[in-house]
Structures are given as C-alpha cells and as structure tokens.
Protein chains: 2
Amino acid sequence: MTDLSRFSINQMTVKQLSLPELADVCGQLGVSQVGLWREPVQAYGVEATAKLIREAGLTVTTLCRGGFFTAIDPEARAAALADNRRAIEEAATLGTDTLVLVSGGLPAGSKDLRAARERIADALAELGPYAEQHGVRLAIEPLHPMYASDRCVVSTLAQALDIAERFPAHQVGVAVDTYHIWWDDQAPAQIARAGASGRIHTFQLADWTTPLPEGVLNGRGQIGDGAIDMREWKGYVEAAGYTGPIEVELFNDELWARDGREVLAETAERFVEHMAD
Amino acid sequence: MTDLSRFSINQMTVKQLSLPELADVCGQLGVSQVGLWREPVQAYGVEATAKLIREAGLTVTTLCRGGFFTAIDPEARAAALADNRRAIEEAATLGTDTLVLVSGGLPAGSKDLRAARERIADALAELGPYAEQHGVRLAIEPLHPMYASDRCVVSTLAQALDIAERFPAHQVGVAVDTYHIWWDDQAPAQIARAGASGRIHTFQLADWTTPLPEGVLNGRGQIGDGAIDMREWKGYVEAAGYTGPIEVELFNDELWARDGREVLAETAERFVEHMAD
C-alpha cells in the first residue's frame, strides 16, 4: 500500500463496524478520512461522534445524506426542510464542509419528473443560505436512472448542474459518483462544466457489477470488480481541477456479510491499485 | 374498447401463448398487428409463421431482435454478422420492414464503452445495405442505462442517433421505447431529431414499476401501473411526425404467470385508456 492520502472510506462500505471500531481500523491501516452517515452518527450521538473522530485524528469528508425534497404535501415539505437544517447542523458539528443530497423520487401517484426537479430547486433556495451560515456546501448527487422513480429524480450530472448553477457554488454543487454516471457519454463534459465553476464537492467511487440484486440498492461492486475504468474517471475530475478526497462508498450485501476490518483493508488496497498515478 | 388501429401486441408480452393461440386471440379482440421474436418464430418455422400470420389477417410491425455487435473476437463478430443477415431475411419473410437491434454489452474484461459503440457502427456499415436489399430497416434500440454493461452499450436516444445518422434513414433508425428513456430530459429533443430525419422506426410502450426484480429484466410494468406518462411520450413522437404502430412490449414474470388471453385483453384495454386522443 503506497498512498492513501486522498482515500476516504465511506462508513456505509463497512457498516458492520461500529464508529469506535471504524476509527480504530482506520488508525491501524493509515486511513485518515471518513465519510459518515446520519443514522449511525445520530445513534452514537453527534457530539460524541465528533469527539471520537477528532481524538482519532480523522477528518470527515462528507455527511450522507440530506435531501428527499420532492414531496408535494406542505407538511411533508416543511418536515423535509427542517430535517435538512438538522443535517446541515450535524455536518457543521462533525467538521465536514459537504452534505450529500439524495433528492427524492416521484411522490405517490405523480408522473411529473420536471415538477419534482423544480421542487428540489425550491428547497435549495431555502437551504443554501442556511448551509452557507454553517460553512457547509450542499452536493446534489445524481443517482443512476434506475432510481428515477423511487429515490432520485436527478439522474444525470447535467440535470444536477442545471439546478446547482442557480445558486452560488459555495452553497450548492454536485457529487460525482462513478457508479451513477459511468454509462453517460455526456458526463466527462459535465464534469468539466462542474469543475469550471468549482462545483465538484465530492468524488466517490463504486464499481458496476451485474447481475443487479432485487431492488438494485445493494449491488455496488468493490473497486476493480466491475465495468468501470476508475482511472479514467479520476482523470476527468482531476482535469476539471478537483484535488480533494476520493471516497469509496459501496452498498453491498456480500461485503457487509464479511469481517469489516478485512473489507476496509481490501478497499484500501483496491484504492491504491486503481487510483495510483 | 374504442380504437386499436395503431395497437400492436409484442409477442413477448404474452409469451405463454403459442403463435396459433396469439393469432386466434388477436382475431377475437380485434387486434390486427403483432411484433414477433425470432426464437418462437424459428421454433414454429419462419415460413409457417408467415403463412399463419397472413391467413389470420395480421400485420407484423417489428421483428425482435438482431444485434449483439460488440464482440472483439473476429470469429464471434463474423458469427454475429451472419446471424443478423439471417434475422434480416426472416424479417423480410415475415413481411415486416423493421428489425429491432439490441446492440450488445461490454465483452468480458473490457471497460471501453466508446470502442464497443464503434464496433456497432462497423457492423451496421456491413448490414445496412443488406437490410436495404431486403426492404428491411434496422432500428437501434437504446436500452436503459442499467443494461449498459451486460446487454446494450447504447443507453440514450442521443447515442443511438449518433450512430444511426452515419447511415441512410431507410437503412438505420432507432426504436423509441418509453421504458428505456422516460427518465431522460434530453429524450424529447432527441425524438424530434429522430423524426426530422425519418428515423423513428418503431414506438414501443412499457411502464416503469418498482421494486425492480433481480437481474432487472422482467419487471416491465403494464401500461398505467407505473411512473410513465404514456400520453406525454405519444405526444412527442407524434409531434416528430410518427404516425405508425404503437407496440406494447412487456417482460413481466407476473403477467407471464397469468392466462395469456386475459393479459392480452387487459393490455388492449390499457392501450385504449392511455393512448386515446
């Protein structure tokens, strides 16, 4: 293992590890950055997590996730906005400058993707300034089109940037995740577009493996196991000026069934193999 | 049921029906058009199918499917080209002018989508004139991006048209299938582009329902059951000048487990409900 300086392990990749275990294994392996998720952080306590992470000498690269902005019902919308304000506060407490957003799918009975995308922009108009006050940037993550109906109506980097560019870059940018965009021949140009306005707020890796599992949520492949040329995508974000952390975020039932320490060690090895210059 | 004049039932939607049963049920329901698949047609005999269909007064709107052009190995490429010539001949024998192409996924070990797309264009340069001699048009079908690695490296209408436009429109066009493109905010403009050069060779419907099943092949929803506004997409193809058949092509384990006559009747009803002006 040669260079893990840009490597960040997303907590979801090794969700079988508790937060203290995660901090411990990171120390053993020389991993200095982590991406965290709200649910396990809330369960452990936000302040307690911040203290644990700080004392372990770790940096939090992103917090996942805010979002779910597409409800039509006013009460549900107000609840989503309140929850996202809490997410922004949590990000600030954890010391990360980036909150990743999964924007939400179609409300029950609706078939109007365009209107749903507009409701995301409406929500960001309210949340962007609040995030800025807390030193947090919002990163719209386009999710693979297979999630368009039930999880995220923002399916491409172009769509994400069409929304993000309505706001200052220090308020709203995008998450570039190989798993979601690798098939898109327009994505390299969109990465350049995002970089030109300083909107690449995080770069995440997962590989594309098939067959996809039922529900298509937990089949993200270990780096190197699938169809994606990771080095090519690293080249695109670097050409666009991105020099930040590179986070590995895998949702994978097979990896979750294994020993978390072993999976983290393997992930770090794969990172070095596929990200080395 | 009011107007089935543009309705075509794709054989795969009711694959539990034999070809004589399909012809019989179509007669009972007033359905005059079918889309056929090569495997069941070959099993019944191509000439015998043509005779059956002719005597039942049915028209064949499309034959599915040619394609699988992405192999690198010269022997595999030659075999694919030979098989596609046979598919063109079968289409001509069945009296349809449209052969739908599923272009193929990444060859084992390859991560190069761009090169795979170029091999599709290479194959079409050989097959286009052969198709023209037989009065058959080739329709590149972009498949949903979730099939990009293992089934079809052509994921958007824009990509399909980038390839198709290298050839005369009477040789190569595209298949517009709601299931594959409904998430894509660029698709309406691409439908207009396809229409402007006379390249909409077929228009197919399937609805988007979740959760997706394992392998994501056999979860295409009955018209009206999912997230897609069918009338909106009909509007796009009609604004682009398309006045041809509208084929319903569902791959769905639940529909296949039911009585085929009942499924065909239901599909015709849904068609009328969602396609009526």
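## A walk through the A–B model

Start at the contact between the two chains: chain A puts in 33 residues and chain B puts in 33 residues. Keep in mind as you click around that this is a predicted model.

**Stop 1: the interface.** Show a surface on both chains. The size of an interface is often given as the accessible area lost when the parts come together. Here the area buried between chain A and chain B is about 2,500 Å², with 57% of that coming from carbon and sulfur atoms. Now select Lys111(A), Trp182(A) and Trp183(A): they supply 24% of the area that chain A buries against chain B, more than any other three residues.

Next, look for charge pairs across the boundary. Two salt bridges are counted between chain A and chain B. To see a salt bridge up close, pick Arg114(A) and Glu232(B), whose closest N and O atoms are 3.0 Å apart.

**Stop 2: a pair inside chain A.** Over all chains, the structure holds 36 salt bridges.

Stop 3: Most residues other than glycine have a negative phi, and most peptide bonds are trans. A few places here go the other way. Zoom in on Cys64(A) and Arg65(A), joined by a cis peptide bond with omega at about 0 degrees; Arg65(A) is in strand β3 (residues 59–67) of chain A. Then move to Thr210(A) and Pro211(A), which are also linked by a cis peptide bond, omega about 0 degrees. Pro211(A) is in the loop between β8 (207–208) and β9 (220–221) of chain A.

Hop over to chain B for Phe68(B). What is its phi? It is positive, about 55 degrees, although Phe68(B) is not a glycine. You'll find Phe68(B) in the loop between β3 (59–67) and α4 (74–94) of chain B.

**Stop 4: two helices in chain B.** Finish by selecting α9 (residues 230–239) and α11 (residues 260–275) of chain B, which pack at an angle of about 70 degrees with their axes 8 Å apart. That angle is why α9(B) and α11(B) count as roughly perpendicular to each other. By class, the contact of α9(B) with α11(B) has two nonpolar, one polar and three charged residues.

Definitions and conventions:
Residues are numbered from 1 along each chain as its sequence is written. Chains are lettered from A and ligands numbered from 1 in the order in which they are written. This is a predicted model: local features need pLDDT of at least 70, side-chain atom pairs count only at pLDDT 80 or more; totals for chains, interfaces and linings use all residues. Side-chain values use heavy atoms; hydrogens and water are left out. Axes are lines fitted to C-alpha atoms, for helices over the stretch in contact, and angles run from 0 to 180 degrees between N-to-C directions. Helices (H or I, at least four residues) and strands (E, at least two) are DSSP runs, numbered from the N terminus. Angles under 35 degrees count as roughly parallel, over 145 as roughly antiparallel, 65 to 115 as roughly perpendicular and the rest as oblique. Ala, Val, Leu, Ile, Met, Phe, Trp, Tyr, Cys and Pro count as nonpolar, Asp, Glu, Lys and Arg as charged, and the others, Gly among them, as polar. Contact means heavy atoms within 4.5 Å. Buried area is the accessible area (1.4 Å probe) that two parts lose on being put together, summed over both. A salt bridge is a side-chain nitrogen of Lys or Arg within 4 Å of a carboxyl oxygen of Asp or Glu.
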